[in-house]
Amino acid sequence: MTGSEVDAEAERVRMWLVERTYSDDEQNMVILTYATADGKRYFRKERALTSFTDVRDTTAAVDAAPENVGVVDDPADRERYAAEAERMAAEHDPDDVI
């Protein structure tokens, strides 16, 4: 691993799973929302549920690249995300499959 790869890993942001929803626009699409423990930043993953043999684990936490992280503007969402992220962090290890 080069120095730049190590630096990139060190800058990643720990995010906890706070919401799992199904897309209204597209069938067979699940949206996973992860947030920081303070609820101020979020990261979303979209997954197509294409088949039963397509196994991809959903973990309690992910480490996201800063350029893929957004800001939570709504105070109510920020509070809700913070509460759920705190609960997830207290009950699960980051690599736990949820």
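Is aspartate 63 buried, partly exposed or exposed, and what is its relative accessible area? Aspartate 63 is partly exposed, with a relative accessible area of 34%; here buried means under 20% relative accessible area, exposed means over 50%, and partly exposed lies in between (1.4 Å probe, protein chains only).

The legends below describe a predicted model, in which local features need pLDDT of at least 70 and side-chain atom pairs count only at pLDDT 80 or more, while totals for chains, interfaces and linings use all residues. Residues are numbered from 1 along each chain as its sequence is written, and side-chain values use heavy atoms, with hydrogens and water left out.

View 1. Five strands form an open sheet in the order S4-S1-S2-S3-S5, with antiparallel pairing. S4 and strand S5 (70–71) stand at the edges, each with a single partner strand, so one side of each is left without a neighbour in the sheet. Helices (H or I, at least four residues) and strands (E, at least two) are DSSP runs, numbered from the N terminus. Two strands pair if DSSP finds at least two bridges between them. Helix H2 lies across S1, S2 and S3 and runs at about 110° to S1. Such axes are lines fitted to C-alpha atoms, for helices over the stretch in contact, and the angles run from 0 to 180 degrees between N-to-C directions.

**View 2. Strand S2 and its two neighbours.** Strand S2 (residues 29–35) is mostly covered, as 7 of its 7 residues are buried. Met29, Ile31, Thr33 and Ala35 point one way from S2, whereas Val30, Leu32 and Tyr34 point the other way, and all are buried. The antiparallel strands S1 and S2 are joined by 6 bridges, and threonine 21 has isoleucine 31 in S2 as its bridge partner. S2 and S3, also antiparallel, are joined by 7 bridges; the partner of isoleucine 31 in S3 is glutamate 46. Alanine 35 stands opposite tyrosine 42 in S3. S2 and S3 form a hairpin with 5 residues between them, and glycine 39 in the turn has a positive phi of about 75°.

View 3. Arginine 14 and aspartate 63 form a salt bridge, with their closest N and O atoms 2.5 Å apart. This pair links distant parts of the chain, since arginine 14 is in strand S1 (residues 13–22) and aspartate 63 is in strand S4, 49 residues apart. Arginine 14 is partly exposed, at a relative accessible area of 38%. A salt bridge is defined as a side-chain nitrogen of Lys or Arg within 4 Å of a carboxyl oxygen of Asp or Glu. Side chains of opposite charge can pair when their charged atoms come close.

View 4. The structure holds 5 salt bridges. In one of them, glutamate 84 pairs with arginine 87, the closest N and O atoms being 2.5 Å apart. Both residues lie in helix H2 (residues 75–91), 3 residues apart, about one turn of the helix. Glutamate 91 also meets arginine 87 in a salt bridge (2.8 Å, N to O), and these two residues of H2 are 4 residues apart, again about one turn. Arginine 87 is partly exposed, with a relative accessible area of 35%. Elsewhere, Glu19, Asp77 and Arg80 are linked in a network of salt bridges.

**View 5. The surroundings of threonine 58.** Threonine 58 is placed in the loop between strand S3 (41–48) and strand S4 (61–64). Threonine 58 is buried, with a relative accessible area of 8%. Its side chain makes a polar contact with the side chain of arginine 47 (3.0 Å). A polar contact is a pair of N or O atoms within 3.5 Å; within protein, one must be able to donate a hydrogen and the other to accept it, and residues adjacent in sequence count only if both atoms are side-chain atoms. Not counting residues up to four places away in sequence, threonine 58 touches residues including Leu17, Leu32, Tyr34 and Ile98, where contact means heavy atoms within 4.5 Å.
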